[in-house]
Amino acid sequence: MRRTMLKYVTIRNGDAAYPTALASIPKPPAVLYVAGDPAVLKTACVAIVGTRKASPYGAWCAYELGKRAASYGITVVSGMASGIDAEAHRGALDGGGRTIAVLGSGVDVCYPESNRKLYERIPEKGAVISELEPGTHPLPMTFPARNRIISGLSGGVIVVEAALKSGSLITADHAVQQGREVLAVPGNLNQVFSYGCNKLIRDGAMILTSFDDILDLVGLEARDAVKEKRLTVKLNRDEARIYKILREEGELTVDALAVKTAMNPGDLAAVLTYMEIRGVVCSDYGRVFLTA
Amino acid sequence: MYAKIISATLKGIEGIPVRVETDLSAGLPAFLLTGLPSTSIREAGERIHRAIANSGYSFPEKKITVNLSPANQRKEGTQFDLPIALGILAADGKIPAAMLKGCAFLGELSLDGKIYPIRGALALAAGLRKKGIRRIYLPEGNAEEVSLLEDIAVYPVRSLAELAEDLKNGVVPEGARLETAPVEADAALSDFADVRGQEAAKRAFEVAAAGNHAILLSGTPGSGKTMMVRCLPGILPPMTPDERLEVTMLYSVAGELKGTGGYVRARPFREPHHTVPITALIGGGVSPRPGEISLAHKGVLFLDEFPEYDRHVLEALREPLESKRIVLTRLTDTVAYPSDFLLAAACNPCPCGYFGDPEIACTCSPGEIRRYRARLSGPIMDRIDLRIHVGRVKYADLSASGDAGPRSSEEMRKSVLRAVEIQNARYAGRRTKRNAELTAREIKQFCRPTAEGEALLENAFSRLRLSARAYGKILKVARTVADLENVDAIDARHIAEAIRYRTE
């Protein structure tokens, strides 16, 4: 594992720069190593966490949530893991917003290596932080502890996709103990990575019904009742049929869609490309779902 | 005390005529062999000695010199047993040399004088025919395959004793022309009619077959990847007589014609396991033989568990995919085997196979998944034009597959055939035969999209973040989609469909 010559500052519990939200949790970190702008720690924050093995839908959801948070000026906190975490960071940065990555290693150790680009990008618009001594390598036990910082910094935690036994549920636990809100993205009952989120909802977590629910977590604005989404793109007849089917059935495989539309597969493929380019659907690994 | 007999040796799938010269001279009894013989030929001395003795002739107690000419060409194979034995008998005056003129002899001897079949008889005979030799004595077991060459008189022989007797008595046997029966394809291949609820995937196969585009399938175990690939040879156009001859020749050279020989009728389907060593895949060995890629010539090469193949093995596929043949260089020789195959590869979404599956949890770590996918990159992926994802089909989809019902291989083959004919007409006189082979320059010439198509492509590049490499592939595949519709102009619709099959 490579150490990076990264500039960081050290903030102790009690310093003026130390985030007040974090100071209020049980066992706050005594010291934070911060690469980037320490001021970002004191902004309104929302944590977005989830599985490292995100489904195409989960990845899309995390990215869009990150982007939406950015559009409201909310800082996105996550753990810079692969999957949901990385997508949330990316969404925030692409939306021109701020983001904080809380590492389970020393602040100068990039883990996982595959997220190095992200690791280098985040301090420009936010911060990479850790409570661990610089140079510390990531170990299985360092991650659950850093999860308390993720929730501690934030007004609330959004869990996008999580298995029943997962770090994301640990983060949600911390959030509850720290008196933070937990929001879960509901999932398809059939899907393994829905189980964790659906369990959270059963156990009393709030349910995410629209991306604007983020506002709830930072107390920015009261929300209206759940509204049906309105499509802003004009669709032709075939596209409208596909749209309707996907609205009713949720995610489908391309093959199943071919059966349901009784369209010839070549035409269907072409129509899906049109819809994907205009951001109406997303398809990955042969599965199609609506994104508008 | 000298005799000369015509035989032949293999160089690749080419038969090269060889003069077998035999000289008997006074001196200590010895058997000398010159002219770059391989080990199997060196051992011929002992076999011939016993075969002659056991056929009722005495082996001359003289110094025997046998030269295989041209002396600088390396000789290979057991077919020299028979000509050498006859040469000794002729030089010894036991059979009349005149009877041997204008004929060629091929065959392996057993110790009791029986004549056994040899490897590559068809290719050897074809090489002899090129040099004007029209009468060939060869083992009975090889008569059927050689009968494919129509203007050759085939004389099947069973034993040295019988043959020597006929030659002595001046009997010219009747040239046999055997009905050549087809060799049944090694696997009873499936029909697409039996593949239900996977119409989108079947369409991709249709495009692959029409344009000869290499295709990669990914999907969880049990999604029917293997079954669909097994249907692929069935939607390719039937082989032309020339193709059949060439493929049969390759199988003959590889010793893969089972039983009595015969010819290869169906397009080959080869499925080497991912542990396949490189020489078995591309061909080779001390005395080179065609590998799997050549046995898949004019057919389908299926690589299941694609990322599990050794990197070097996959890299070795690049040259044959480009040039449609493989050149093997050995210490003493260079041989080339044709290897014009359609590549079909399959992979799982992750090492355990269930990543993204709605019902079964994937047990791989994100790192494992990343490493697995990273193997699906590099130069070999540049040669793969189409990629599709297949999912497991639910029972409901199996029973209700739309109004039209599943498309059968026969239907699909018809539209493939039409698209192939269009390509043949378009590329007449060019090196390029099919859309997949188009060069960058030819893409500019033949795959010019309409203004709308161009606009769509541009839009897709920015919105879907396509790589520059994808550009040419999308245009080539769009060309095939348009050909399947028998349309000359590449429209936005064709581009849109092609984009869905993109590999990255």
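Modeller: The C-alpha centres of domain 1 of chain A and domain 2 of chain A lie 33 Å apart. This is a predicted model, in which local features need pLDDT of at least 70 and side-chain atom pairs count only at pLDDT 80 or more, while totals for chains, interfaces and linings use all residues. Residues are numbered from 1 along each chain as its sequence is written, and chains are lettered from A and ligands numbered from 1 in the order in which they are written.

Colleague: What makes these the domains of chain A?

Modeller: The bounds come from an automatic or database domain assignment, and for chain A this gives domain 1 as 9-218 and domain 2 as 237-290. Between them, four residues of domain 1 of chain A are in contact with seven residues of domain 2 of chain A, where contact means that the C-beta atoms, placed from the backbone, lie within 7 Å. On the side of domain 1 of chain A that touches domain 2 of chain A, three residues are nonpolar, one is polar and none is charged; here Ala, Val, Leu, Ile, Met, Phe, Trp, Tyr, Cys and Pro count as nonpolar, Asp, Glu, Lys and Arg as charged, and the others, Gly among them, as polar.

Colleague: Where in chain A does pLDDT stay under 50?

Modeller: pLDDT, the predictor's confidence in each residue on a scale from 0 to 100, has a mean of 89 in chain A, and 95% of the residues of that chain reach 70 or more. Over residues 222-226 of chain A, however, pLDDT stays under 50, and the model has six contacts beyond four places in sequence for that stretch. Where pLDDT is low, the predicted coordinates should not be read in detail.

Colleague: Why does D108(A) count as buried?

Modeller: A residue is buried if 20 or more other C-beta atoms lie within 10 Å of its own, exposed if 12 or fewer, and partly exposed in between, with C-beta atoms placed from the backbone. D108(A) has 22 C-beta neighbours inside 10 Å and therefore counts as buried. The place of D108(A) is in the loop between β5 (99-102) and α4 (116-125) of chain A, and 8.4 Å separate the C-alpha atoms of D108(A) and Y8(A), which are 100 residues apart along the chain.

Colleague: Why is helix α10 of chain A called largely enclosed?

Modeller: Helices are DSSP runs of H or I with at least four residues, and strands are runs of E with at least two, numbered from the N terminus. Of the eight residues of α10(A) (254-261), six are buried, so the rest of the structure largely encloses this helix. The buried residues are V254(A), D255(A), A256(A), L257(A), A258(A) and V259(A). Just after α10(A), A262(A) takes a positive phi of about 55°.

Colleague: Which helix supplies the largest share of the side of chain A that touches chain B?

Modeller: The contact takes 31 residues from chain A and 37 from chain B. Both α10 and α11 (265-277) of chain A supply at least two residues of the side that touches chain B, and the largest share, 10 residues, comes from α11(A). By class, that side of chain A has 15 nonpolar, 11 polar and five charged residues.

Colleague: Which residues have the most contacts inside the largest nonpolar core?

Modeller: A nonpolar core is a set of buried Ala, Val, Leu, Ile, Met, Phe, Trp, Tyr and Cys residues joined through C-beta atoms within 7 Å. The largest has 160 residues, and A85(B) and I136(B) have the most contacts inside it. Beyond its neighbours within four places in sequence, I136(B) is in contact with residues including C103(B), L128(B), V146(B) and Y155(B).

Colleague: Why is strand β20 of chain B called largely enclosed?

Modeller: Five of the five residues of β20(B) (386-390) are buried, so the strand is largely enclosed by the rest of the structure. Both faces are covered, with L386(B), I388(B) and V390(B) buried on one side and R387(B) and H389(B) on the other.

Colleague: What makes β20 of chain B an edge strand?

Modeller: Two strands pair if DSSP finds at least two bridges between them. Five strands of chain B form an open sheet in the order β13-β16-β19-β11-β20, with parallel pairing, and the edge strands β13 (269-270) and β20 each pair on one side only. Five bridges join β20(B) to the parallel strand β11(B) (215-219), with I215(B) opposite L386(B). β13(B) pairs with β16(B) (300-303) in the parallel sense over two bridges, and L301(B) is the bridge partner of R270(B).

Definitions and conventions. Contact = placed C-beta atoms within 7 Å.
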